[in-house]
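Biologist: Morning! Please walk me through this one, slowly.

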Amino acid sequence: MVLPSSISQSSEDVATSPDAAELHALLPPLFLPAYRLAFGMLRSREEAEDAVQEAALSAWRHRAKFRPGADPRPWFFAIVANQCRTFRRNRWSRLLRLADPVSRSAPSADLEADLDLRRALNRLGHDDRLALVLRYYMDLPFDEVAASMGVSEPAARSRTQRAVRRLRPHLDPREELIP
Amino acid sequence: MNHEDRLRGRLQRAIGYQDPSPGFGTQPLPNLLAASLARRNVEQRHSAVLAFVAAVIAIAIVATLLLGARALHRTPTVPVHPGPSLIESKSPPCGGPNASGPADMLSASSGWAYGPYHTIDGGDHWTKVAPPTIPNESAGGETEFFLDANHAWVAKAAGSPKATADHVVVFSTSDAGTTWQQSAPLRITPAASTDVIWEASGSVNWICFIDAQNGVLLIASGPASIMAPLWNVEALYRTSDGGLQWSRVSSNPGASALKRLGTPCSVGDGMSFSTSTTGWIALYCLSSPNALLVTRDGGTTWSVEQEPVAYPTPPYFFDSGHGVMIGSDSIAVTSDGGLTWVSSETRPNRTFGCTFLDQTHGWCIVNEAADPQTDLYLYATSDGGRKWSRSAAIPSAGALVFLDTSSGFLSAGQGPGTSDWSFYKTVDGGLTWRQVGTAGAQ
């Protein structure tokens, strides 16, 4: 197995480090679900792939914090989510973003409502968007949403509820508050 | 198909999906790390060039502005940051980030927690001091407000054989929960018989008091499901006798102003009042930006203001003039009672709540997320949010309360009676935290 030079020269060499060996087995199966999470947060294939790559690097560097035997999914998802936050705040990343590939393939029947909901999602803060993506885009149970966000399960439910409340006007335009 | 399934379908369709590049996700870890390192090296080179160019441009802009300002002998028209703020109350009087948090400490020794529970020894011991139950009490339909060591209010929604929730009763105490007084029921007519009053969400303020006598109560109703469509803001009530008698000052507050706005809106993160006459209700609207309702006559009439930050919690005030509004990505400050807001400040990469002691001193809990369970840090600002610095690790994500720049409390969970409850204290500005209250609740 050939490692990048800066990694193979690390004092915590992969060949002799049990936690590193564990990561070698645990992380790759998470790349595709992590990509889906990143795509849900960023809606860009390039940025989502970059975010997962950066998260893998971050996970590698912080591997000492991973508790052997623990479920790596929420741990890695949290790192991916943090990378997404960094990407969303990076102006250059957004400016360099190319044409939106998804909008072209969106169903035409509810296109307007979808675009409206998408704009509303973009306006949400990171935490609200993350809660919605984990719960309804990734289809995770609340205990995994909570673990990935680093909060208790009741707090995860409360955050998701708050995020949905913020989206409410965009969920069903036929329902109006004003009589 | 239930509400959650519909929401899942809507979100998945709105976000869409695009497969990753061929081969992505199948490469071994070292290859992925190598790609990441290579990309980072390229970006670092680009960043160095961009930083140099940006620095040159920034110097040119600053020099131009300085010379221009001198030439015009002009002084700034917008007070970005005032001098020392007038701190009249250690706790925002009506609304604020912790008004509905798990706990709200009002002094070093006395405080309240959701339940309500009361402590007089700094959180070592909590005593449940809940008012009595009422017939057909609605699950979750309860909102609480704590003014000081002795005064608190609990508003409960209840139903009847015909409706899940059709009236509200307000309990008040002036002796720290030893005795409670009960108001007459406030009758509500929800749109549907299955509608509920108030959601079981701790982040919303529905009741608050300016002082021990004058308070406001906002009633909102809608379907119980979190996927429910818009909620109605039913009515605003006021009291001037400490909560025994309530009078309706506005039905469907802001409806005419919102009608002119021409977009459907739903109740947002509740309300706040800076004085007995000036208050806000945060709404989420179909159009962008969202609306913020403001009243300057005690709640009788409301007008729409455009929010200075995205998805704000209702603003909270340190006195009648100075306040802070915390949005999803930034904060805004006011020095004139909310007539104008300066929203140039940004928050750190926030994952959890922020709190401000005054207009200059604030704290946020940040999850740096290398490990969601351990990498929680306190970030602090002492210049109104211009600069944030990482202060120290923090033991739990929860609600922060600072009494001064040294003493603070952190509470997490659903209240002292629940299994996930934890409560911490700092006396050194958040550098170290000590768990208290291990004696539990009574």
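Modeller: One term to begin with: the expected span of a helix is 1.5 Å times one less than its number of residues. Helices (H or I, at least four residues) and strands (E, at least two) are DSSP runs, numbered from the N terminus. This is a predicted model, where local features need pLDDT of at least 70 and side-chain atom pairs count only at pLDDT 80 or more, while totals for chains, interfaces and linings use all residues. Residues are numbered from 1 along each chain as its sequence is written, chains are lettered from A and ligands numbered from 1 in the order in which they are written, and side-chain values use heavy atoms, leaving out hydrogens and water.

Biologist: OK, what should helix H3 of chain A span?

Modeller: Its 12 residues, 31-42, should span 16 Å, and that agrees with the end C-alpha atoms, which are 16 Å apart.

Biologist: And how many residues of H3(A) are buried?

Modeller: 9 of the 12, so H3(A) is largely enclosed by the rest of the structure. Buried means under 20% relative accessible area, with a 1.4 Å probe and protein chains only. Among the buried ones are Phe31(A), Tyr35(A) and Leu42(A). Just after the helix, Arg43(A) has a positive phi of about 55°.

Biologist: Switching to chain B: where is Thr173(B)?

Modeller: In strand E7, residues 163-173. Thr173(B) is buried, because its relative accessible area is 3%.

Biologist: Which side chain does Thr173(B) make a polar contact with?

Modeller: Asp175(B), at 2.7 Å. A polar contact is a pair of N or O atoms within 3.5 Å; within protein, one must be able to donate a hydrogen and the other to accept it, and residues adjacent in sequence count only if both atoms are side-chain atoms. A polar atom of the Thr173(B) side chain also lies 2.9 Å from the backbone nitrogen of Gly177(B).

Biologist: What about Gly362(B): buried or exposed?

Modeller: Buried, because its relative accessibility is 0%. Gly362(B) is in strand E24, residues 362-367. Between Gly362(B) and Gly385(B) there are 7.1 Å in space, C-alpha to C-alpha, although they are 23 residues apart in sequence.

Biologist: Last topic, sheets. What order do E15, E16, E17 and E18 of chain B take?

Modeller: The order is E15-E16-E17-E18, in an open, antiparallel sheet. Strands E15 (265-273) and E18 (303-306) are the edges, each pairing on one side only. Two strands pair if DSSP finds at least two bridges between them.

Biologist: How many bridges join E17(B) and E18(B)?

Modeller: They pair over 4 bridges, and Leu292(B) stands opposite Glu305(B) in E18(B).

Terms used. Buried means under 20% relative accessible area, exposed over 50%, partly exposed in between (1.4 Å probe, protein chains only).
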